[in-house]
Amino acid sequence: MSIKLHGAALSPFVRKARVALAEKGLAYEAVHVDPFNCPPEYSRLNPLRRIPALEDGDTVLADSGVICAYLDKAYPEQPLYPAGAAEYARVLWLEKFADYELAPHTTFTVFRNRVLMPLLGKPSDEERIAKALSEKLPPLLDYLEEQIKGRDWFVGEQLTVADIAVATQFANLQHGGERIDASRWPALAAHVAKLLARPSFASLLERERGFVEKVRGAAN
Ligand SMILES: N[C@@H](CCC(=O)N[C@@H](CS)C(=O)NCC(=O)O)C(=O)O
């Protein structure tokens with residue numbers, strides 16, 4: 001097996017790359033790397049020392065977006081980006097939106113405080129979480145609701161990286177004990193539920209949930 005994906009469970013960016021690999025039907029080896037305690041030689045794979053990183057033969061890549069784009073070009077079966085320029089750009093936009101606009105709240109606020117802080121024996125900053133849920137996330141969710149309303153996929157007529165990137169952020173929100181309010185954002189809630197139930201996501205989330213429940217149970 002020549003593809004190696006370095007990273008850890010629970011990272012939304014590692015999950016995004018793993019779901020892309022699974023949806024494309026690519027075999028790979030998952031190599032565990034703890035981003036907060038990674039060996040010095042990990043800098044060869046990612047100078048920023050973040051996860052994920054990918055090795056495919058002599059090709060070494062960092063960043064989930066770069067990894068997904070590479071995989072789609074190198075292995076064109078089951079494409080996860082549309083061929084047309086405008087649709088392709090729209091996928092990139094929604095992926096960026098998920099990675100850089102949703103993630104600060106879903107992952108780096110809710111998930112970090114409710115799951116990572118207890119692991120480190122630290123308290124959760126509930127004030128920050130409340131602000132993320134009541135002020136920061138709603139306008140982003142309003143936008144995504146508009147984008148998915150009346151459609152089966154965010155872009156075009158099939159699953160793309162846009163769907164994967166958005167859904168993986170909400171998986172972390174769920175790990176943090178919060179959900180999209182389906183009465184306020186019904187299309188988005190339904191779309192994310194549909195995506196997270198796909199075998200590519202579900203197989204990873206089942207194991208993650210067991211771990212998260214233990215951490216959050218011990219903290220409460
Ligand atoms: N834009 C990057 C973000 C990667 C990222 O922030 N990963 C986190 C884990 S979820 C990490 O490695 N954090 C450790 C650090 O920043 O030192 C990607 O898409 O891969």
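**How exposed is Arg-49?**

Does Arg-49 count as buried, partly exposed or exposed? At 29% relative accessibility, Arg-49 counts as partly exposed, where buried means under 20% relative accessible area, exposed means over 50%, and partly exposed lies in between, with a 1.4 Å probe and protein chains only. Arg-49 is found in the loop between strand 2 and strand 3, and Arg-49 has a positive phi of about 60° although this residue is not a glycine.

**Basis of the model**

This is a predicted model, in which local features need pLDDT of at least 70 and side-chain atom pairs count only at pLDDT 80 or more, while totals for chains, interfaces and linings use all residues. Residues are numbered from 1 along each chain as its sequence is written, and side-chain values use heavy atoms, with hydrogens and water left out.

**Overall fold**

The secondary structure of the protein comes to 7 helices and 4 strands, these being DSSP runs numbered from the N terminus, with helices (H or I) of at least four residues and strands (E) of at least two. Read from the N terminus, the elements run β-α-β-β-β-α-α-α-α-α-α. The radius of gyration of the protein is 17 Å, close to the 17 Å that the globule rule gives for 220 residues, so the protein is as compact as a globular protein of that length; the radius is taken over C-alpha atoms, and the rule is 2.2 Å times the number of residues to the power 0.38. Along the principal axes, the C-alpha atoms fill a box of roughly 45 × 45 × 25 Å.

Of the 220 residues, 48% count as buried. The accessible surface comes to about 11000 Å², of which 54% belongs to carbon and sulfur atoms; accessible areas come from the Shrake-Rupley method with a 1.4 Å probe, and for residues only the protein chains shown count as cover. Among contacts (heavy atoms within 4.5 Å) between residues at least 6 apart in sequence, 70% join residues at least 24 apart.

**Two domains**

The domain assignment gives domain 1 (3–74) and domain 2 (85–219), with bounds that come from an automatic or database domain assignment. The C-alpha centres of domain 1 and domain 2 lie 20 Å apart, and the contact takes 16 residues from domain 1 and 25 residues from domain 2.

**Backbone features in the loops**

The peptide bond from Ile-51 to Pro-52 is cis, with omega near 10°, and Pro-52 lies in the loop between strand 2 (29–32) and strand 3 (53–56). Another positive phi is that of Gln-78, near 50° in a residue other than glycine. Gln-78 lies in the loop between helix 2 (64–74) and helix 3, and with a relative accessible area of 49% Gln-78 is partly exposed.

**Salt bridges**

The structure holds 9 salt bridges, each defined as a side-chain nitrogen of Lys or Arg within 4 Å of a carboxyl oxygen of Asp or Glu. In one of them the side chains of Asp-99 and Lys-16 meet at 2.6 Å, N to O; this pair links distant parts of the chain, with Asp-99 in helix 3 and Lys-16 in helix 1 (residues 12–23), 83 residues apart. Both Asp-99 and Lys-16 are buried.

Arg-44 forms a salt bridge with Glu-55, the closest N and O atoms being 3.2 Å apart, and here Arg-44 in the loop between strand 2 and strand 3 is linked to Glu-55 in strand 3, 11 residues apart. Arg-44 counts as exposed at 56% relative accessibility, whereas Glu-55 counts as buried at 13%. Arg-114 likewise forms a salt bridge with Glu-126, with the closest N and O atoms 2.8 Å apart, and this pair links helix 3, which holds Arg-114, to helix 4 (residues 126–148), which holds Glu-126, 12 residues apart. Arg-114 counts as buried at 14% relative accessibility, and Glu-126 counts as partly exposed at 38%. Salt bridges that share partners also join Lys-16, Glu-95 and Asp-99 into one network.

**A nonpolar surface patch**

Leu-119, Leu-120 and Phe-211 make a nonpolar surface patch of about 300 Å². Patches are made of residues with over 30% relative accessible area and no salt bridge, like charges being joined within 9 Å and nonpolar side chains (Val, Leu, Ile, Met, Phe, Trp, Tyr) within 5 Å. Leu-119 has its place in helix 3 (residues 85–119), and at 46% relative accessibility Leu-119 counts as partly exposed.
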